[in-house]
Every structure is written in structure tokens, then in C-alpha cells.
Amino acid sequence: MNDFDDSVLRDQLQRLGGHGPDEAGAYLALQQRVGVAKRRRAAAVVGGLGVTLMVGFAAAAYQPPSSSRLVPANGGGDEVVLTLPTTVNNADTTSSSTVISTPSVNGNTDNGNTDSSAPQTGTDSTSPSPIDVPATTAHTVPHGHATTSAPATTTAPTVPATTTAPTIPATTSTEPSSSSSVPTNFTENATASSSGGTATAHLQGGVVSLVSYSAAPDHDCVVERTLSDRVRITCRPTLFNTLGNTSHLDFSIGLDGHLVAVSTET
Amino acid sequence: MMNDIRMVDDLESLFRAHHGRLVRALTVACGNEQIAADAVQVAFVKAHLKWRSIMSYDDPVGWIRRVAINNMRDEHRRESRKQRAVDRLGAEPEVQVQAPQLDEVAAMLAGLPRQQRLSLALFYVDGLSVAETAATLGISEGAVKFHLHQGRSTLRGQLGEGVHHE
């Protein structure tokens, strides 16, 4: 027997509570409210998903202004690497004295010479070069500076018809295993071609030298810059040729120490 | 599919067994049948939406009862804030459309503290034991006995011969 059992008080309170609601009607009302709550919850889920997707897209599309943009070392956003070294001869240590030294400019540009038999290896000092290479110009370009050699015009690049797929030298396996620093002991030649002409450069001991260059018909080629680590030849249409493009043939040392040839047309 | 139907059947049987009694108990506690019915129905809606987890509880009805009491308290606080705001503005108090028809017992109940009203309602109207009432209100059994004793003493003193101890 509970100490708090009090039938009179129980009756009074139960009478005060009333008869209670209609159970059937209350259950119908409950089902309606459950339906409304479910629809509201589904709408909230869909809305939340939509907001999440929008935030995700916005975050993906947002590019912070401080993010770095990759720019080629010589600043030419329109440059296309056309050829890689065609011949690598690490063992050749006698060719440096036969190739690098070149006479000064004599002004003779052989416009009609499109001889493709220009020396590819640069080891034959007795073979005549189609054009004499001028001496080093007065341009001083900081190595690795991004903007000093940017071309003045920024038209879209045009890939010449003579482009070839980059070929990996077969002798790269003979590179020294200690690759913590850039190797400089490669000896190789590279040729770059464009609609304005063709040029060949030689790399040995970390020094890039021009071997030969020849202009295409109705074009003139001049050596614009010759530094120890890069060479640039510019080929322009002759006075009576208004259809051609100005092209640059650049040779420089790549990050892997190999000679890189780049042809740019504007 | 069969499980869903069985779940709904379970909830419906639970609703039909406990809904009316719970509404009556909360009506005694708050003095307004409309508020009590709404609080209980909202509790059943919440139970319906998460019935898969609630059905595994030891006492699903206890969960629904506690939610209903919390809803009733929230409604009471809301009404109190609303009344205070009206008082601050100096406006005429809002006339309640369905003012509770308090009889003598209801008037005496309204003068009791809230915990005493709830204890009396759950014990005498909903038919809970002292332990169940304590678990529902989140207080100790001793506190429930104290509230029951105080509530009965107050009502007995005011009703005189109408309420007597057996």
C-alpha cells in the first residue's frame, strides 16, 4: 500500500483532467503533422545539399590572388619547345676546341642557303659553316630572370610545320648517379627549326655555342644574343616578303643540364 | 516494408494506450488542455520521426512523456515572455480565447509550485509510481515524496473535508 494513495484526490484530479481528446481524431492530426515535419525535413536536407554544393563550387572556382603562376624562365608565354637534343656524346671531350670559337660578324647572311646538311654533331671543325657566327653581343641578361627576354609582341604561338616530337637521348642512362646538382658535363648538339630558318647549337662544359644557322628563302637570320648559357637567333622576312613571321631560335641549358632548343614565332 | 508497418503499428498502439492519459495529466499540471494536447502531440511527432531508435529504448513512453513535459515548459516560458513584453508596453493583456475553466481544485492547483503540480499530476492522473515520477522529472524519489506530501497537505487544508487521507 502506497503512503500516497488517495482515491478522493485521485478522482478530483482525474475529473479536472477532463475526458481527454478524441483518440482517432488526435491520431489523424498526428499523422498530418508527421507528414508536414517529414516534408520540412526533406526540404531542409535538399536545401543544405544545395548550399553545400554551391559553397563547394565557389571554393573550387576561387583562386587566391597570391597563388603563383608558372612562367617560363625567359618570360615568353607563347614559346613552344620543339626539339630536344638529338645527339648526346658525353664521352667526347675533344670537340670543344673545334666548335666554340667563332669569328666575328662579317655581315654575310646566306639567304638562299637552306642546306639541311648543317653539322649535327659539331665535332668536325673542317666542315664549313653556312654562316659565320658573330661575337658576343652587348646584351646582358640576368640568368633565370623571368621578364628580360620576353618578346615585345604577344600574339598566339604558331607551331611550325617542322616540329618534331621531343626525343629523349638514348645515352641519358650514362649520366652520373650523383644528381644532387645540375650536371654540366653534357656534350651534345641541338637543332631548332622554324619557318624562318634552322639553327644548330652545341653544348659542352656548361657552355652553349652556336654551330650554324641558315635562313629560309626570303628570310634573314641574325644572331641576336650569344651568352655562355644561351643563344638566340632571330629570323625575319626580307623586305619584299610580307607574309612571313618573325621567329626566334633559342638555345639554353635546361634544368636537367641538357641543351634545350626553343622556336618561337610571332 | 513489413518492419515499417510493424513500427507504425507499434507507435499507433502506443499512442492509443498513453496519449489520452498523458494529455489529462499535463492538463492538470498546466491548467490548459489545449497546451497539454499540443505538447503531447509534438512529442509523438518527434517520436514518429525517430522511432527506429526510440523503439529500442527501455521505456519509449518515458521518453515521450519527458519530451511532452519539456514542450509544455517551453510553451509556458514562451507565454511568460509574451506576457512580460505586453506588460512592458503597457498594453492591455491579450484576451485568451479559450481561458481554462478552473474550478475549485484547479484554482488551488494553480497556486502550487510547478514541481508539486507535475508530481501530483503524474502520480495521480497518469498513474506512475514514485520511482517513475522521479525518473520522468529527473529528481530523486525523496524529492517526489516531498512534493506529493506538500501538495496533498495544501490541497487537504484548502478543501477541508473534500480531500482526506485514507
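Chain A has three helices and nine strands. This comes from a predicted model, and every value below is computed from it. Starting at the N terminus, the order of elements in chain A is α-α-β-β-α-β-β-β-β-β-β-β. Of its 266 residues, 29% count as buried. Looking at contacts in chain A between residues at least 6 apart in sequence, 65% link residues that are at least 24 apart.

Chain B is built on another plan, with eight helices and zero strands. Its pattern along the sequence is simply α-α-α-α-α-α-α-α. Chain B has 166 residues, and 34% of them count as buried. As for contacts in chain B with a separation of 6 or more, 61% are between residues 24 or more positions apart.

Six of the eight residues of E7(A) are buried, so the strand is largely enclosed by the rest of the structure. E7(A) has a partner in strand E6 (residues 219-226) of chain A: the two run antiparallel and are joined by seven bridges. In this pairing, A:Val223 sits opposite A:Ile233 of E7(A). The link from E6(A) to E7(A) is a hairpin of three residues. E7(A) also pairs with strand E8 (residues 247-253) of chain A, again antiparallel, this time through six bridges. There, A:Arg230 has A:Ser252 in E8(A) as its bridge partner.

A:Asp218 is found in the loop between strand E5 (207-215) and E6 of chain A. Its phi is near 65°, a positive value in a residue other than glycine. A:Asp218 is partly exposed, as 16 other C-beta atoms lie within 10 Å; to be buried, a residue needs 20 or more.

Turning to how the chains meet, 23 residues of chain A are in contact with 32 residues of chain B. On the chain A side, the elements that give two or more residues are helix H1 (7-16) and helix H2 (23-61). Sorted by class, this side of chain A has twelve nonpolar, six polar and five charged residues.

One helix pair across the two chains can be described in detail. H2(A) packs with helix H2 (residues 33-49) of chain B at an angle of about 55°, and their axes are 9 Å apart. H2(A) and H2(B) are therefore oblique to each other. The crossing of H2(A) past H2(B) is right-handed. From H2(A), the residues taking part are A:Ala26, A:Ala29, A:Leu30, A:Arg33, A:Val34 and A:Ala37, and they meet B:Gln41, B:Phe44, B:Val45, B:His48 and B:Leu49 in H2(B). By class, the residues of this contact come to eight nonpolar, two polar and one charged.

Chain B also has a helix pair of its own to report. Helix H6 (residues 114-125) of chain B and helix H7 (residues 130-137) of chain B pack at about 135°, with 10 Å between their axes. That angle makes H6(B) oblique to H7(B). H6(B), too, goes past its partner H7(B) in a right-handed crossing. The H6(B) residues B:Gln115, B:Leu118, B:Ser119, B:Leu122 and B:Phe123 meet B:Thr133, B:Thr136 and B:Leu137 of H7(B). Here the contact residues split into four nonpolar, four polar and no charged.

B:Arg21 belongs to helix H1 (residues 2-30) of chain B. Leaving aside residues up to four places away in sequence, B:Arg21 touches B:Asp126 and B:Gly127. B:Arg21 and B:Gly127 are 106 residues apart along the chain, yet their C-alpha atoms are separated by 8.6 Å. With 19 other C-beta atoms within 10 Å, B:Arg21 is partly exposed, since the cut-off for a buried residue is 20 or more.

Conventions: Residues are numbered from 1 along each chain as its sequence is written. Chains are lettered from A and ligands numbered from 1 in the order in which they are written. This is a predicted model: local features need pLDDT of at least 70, side-chain atom pairs count only at pLDDT 80 or more; totals for chains, interfaces and linings use all residues. Axes are lines fitted to C-alpha atoms, for helices over the stretch in contact, and angles run from 0 to 180 degrees between N-to-C directions. Helices (H or I, at least four residues) and strands (E, at least two) are DSSP runs, numbered from the N terminus. Angles under 35 degrees count as roughly parallel, over 145 as roughly antiparallel, 65 to 115 as roughly perpendicular and the rest as oblique. A crossing is left-handed if the near helix is turned anticlockwise from the far one by less than a right angle, and right-handed if clockwise. Two residues are in contact if their C-beta atoms, placed from the backbone, lie within 7 Å. Ala, Val, Leu, Ile, Met, Phe, Trp, Tyr, Cys and Pro count as nonpolar, Asp, Glu, Lys and Arg as charged, and the others, Gly among them, as polar. A residue is buried if 20 or more other C-beta atoms lie within 10 Å of its own, exposed if 12 or fewer, and partly exposed in between; C-beta atoms are placed from the backbone. Two strands pair if DSSP finds at least two bridges between them.
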